[in-house]
Amino acid sequence: MPGRTDEADRRFMAAAIRYSRRHLGLTGTNPSVATLIVADDGGGPAVVGRGITSLGGRPHAEPQAIAEAGERARGATAYVTLEPCAHHGRTPPCAEALVTAGIARVVGAAADPDHRVSGRGYAILRKAGIEVVEGVLADAAADLMRGYLTRSVKKRPQVILKLALSADAKIGLEGAGQVPITAAIARSQVHAMRAEADAILVGIGTALADDPSLTCRLPGLEARSPVRIVIDRKMRLPLDSALVQTARQVPVLVTAAGDMQERRGPLTAAGVGFIAAEVHEDHIALPELLEDLAERGYATLLVEGGAFTAEAFLAEELVDRIVLFTGPEKIGPRGIAAPVDPDHIPAGFSLHRQAVFGADGYFEYVRNG
């Protein structure tokens, strides 16, 4: 790409990408984008302005960073994790705001597939004589905003399948409800994933067997609990379940097939919402459900169980990322077999990262392409 790049560019872009993570799952239909403005007043380059997409999606990162930098933005470099927007909405394009602020150089990371932006933001900058460097740490930036990119291109949310597996590749014990598999650190990681997701989904089987809350319970992040969705073909979700009992605090959506409308009344009275669903071979049609979720603005969907639901998403090739937490203990022959494990990953996925949390393991796989 035109323009020079160096280690300082990668360092400041890495900082911008880390900063963008703060508002994951909180920016509505817009991605969580960060902008850093860096100036050198003689003592070496330093950040003079920071911006991140605001809660709900507005304002964007660039005007916030410009406002913080003030006159120091003139002649400075702006690091943007996504190409600056080029279209007029309620506010002028961010690319024009950078021009007006007197920015001399823009370093960008991920490309924006939105036809109103793609290439046009950079064109505005170049036309104004601003040096533009594209694609710096593009993969790292895109990895964090994969939900937005998937929704833009595939018209459905990014689907992350999360499972906790015992040492003998089981996800639970038949008839025993929730069975502890991993320790506190791994469980905290799951809650952090919830805080960054737009919605969590389980099947009615898991809702009945485990009576989960599906909220984020990390101290200080409780308010970041995402929407909770239950695939419930027959609308069997009990009124005394943890999900229904907390529906007025954290939204709950239940799939509503056309032949089950008469069962909505009691759940509606309890504060539960519904999402209309098509039925295929007596099961909720998942591709159509995901399209509807995308239309509602959901970009990242965390699928937490159970085996039947996980297998259904895998069979439809709707999973973009597989996250496996593995514990050190075996469950035994009465355990429920996991649909995937580190030794049996579906074709088309590659190991993205792995880690160890005490005695627990972490494996993350992403779909190629």
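Asp9 and Arg105 form a salt bridge in this predicted model. Their closest N and O atoms are 2.6 Å apart. Where do Asp9 and Arg105 lie? Asp9 sits in helix H1, residues 7-20, while Arg105 belongs to strand S4, residues 105-110. The two are 96 residues apart in sequence, so their pairing ties together separate parts of the chain. Are these two residues buried or exposed? Asp9 is buried, with a relative accessible area of 1%. Arg105 is buried too, at 6%. Both values count as buried because the cut-off is under 20%.

Why can such pairs form? Side chains of opposite charge can pair when their charged atoms come close.

Now turn to Glu196 and Arg21. They also form a salt bridge, with the closest N and O atoms 2.7 Å apart. This pair links distant parts of the chain, 175 residues apart. Glu196 is in helix H7, residues 184-196. Arg21 is in the loop between H1 and strand S1. Here the surroundings are partly open. Glu196 has a relative accessible area of 24%, and is partly exposed. Arg21 is partly exposed as well, at 43%.

Other charged residues join in. Glu134 and Arg126 meet through their side chains in a salt bridge, 2.9 Å from N to O. Arg126 is partly exposed, with a relative accessible area of 33%. Elsewhere, salt bridges link Asp143, Arg321, Arg353 and Glu364 into a network. How many salt bridges does a search of the whole structure find? The total is 16.

Next, follow the strands. S1 covers residues 34-40, and S2 covers residues 45-52. They pair in the antiparallel sense, over seven bridges. Together S1 and S2 make a hairpin, with four residues between them. Gly42 lies in the turn and has a positive phi of about 110 degrees. In a regular strand the side chains alternate between the two faces of the sheet.

Finally, find Val340. Its place is in the loop between strand S16 (335-337) and strand S17 (349-357). Val340 is buried, with a relative accessible area of 1%. Which residues does Val340 touch, leaving out those up to four places away in sequence? They are Leu163, Leu165, Leu314, Ile322, Leu324 and Pro346. Val340 and Ala169 are 171 residues apart in sequence, but 8.1 Å apart in space, C-alpha to C-alpha.

Methods: Residues numbered from 1 in each chain as written. Predicted model: local features only at pLDDT ≥ 70, side-chain atom pairs only at ≥ 80, totals over all residues. Heavy atoms only, no water. Salt bridge = Lys/Arg side-chain N within 4 Å of Asp/Glu carboxyl O. Buried < 20%, exposed > 50% of the residue type's maximum accessible area, 1.4 Å probe, protein only. Pairing = 2+ DSSP bridges. Contact = heavy atoms within 4.5 Å.
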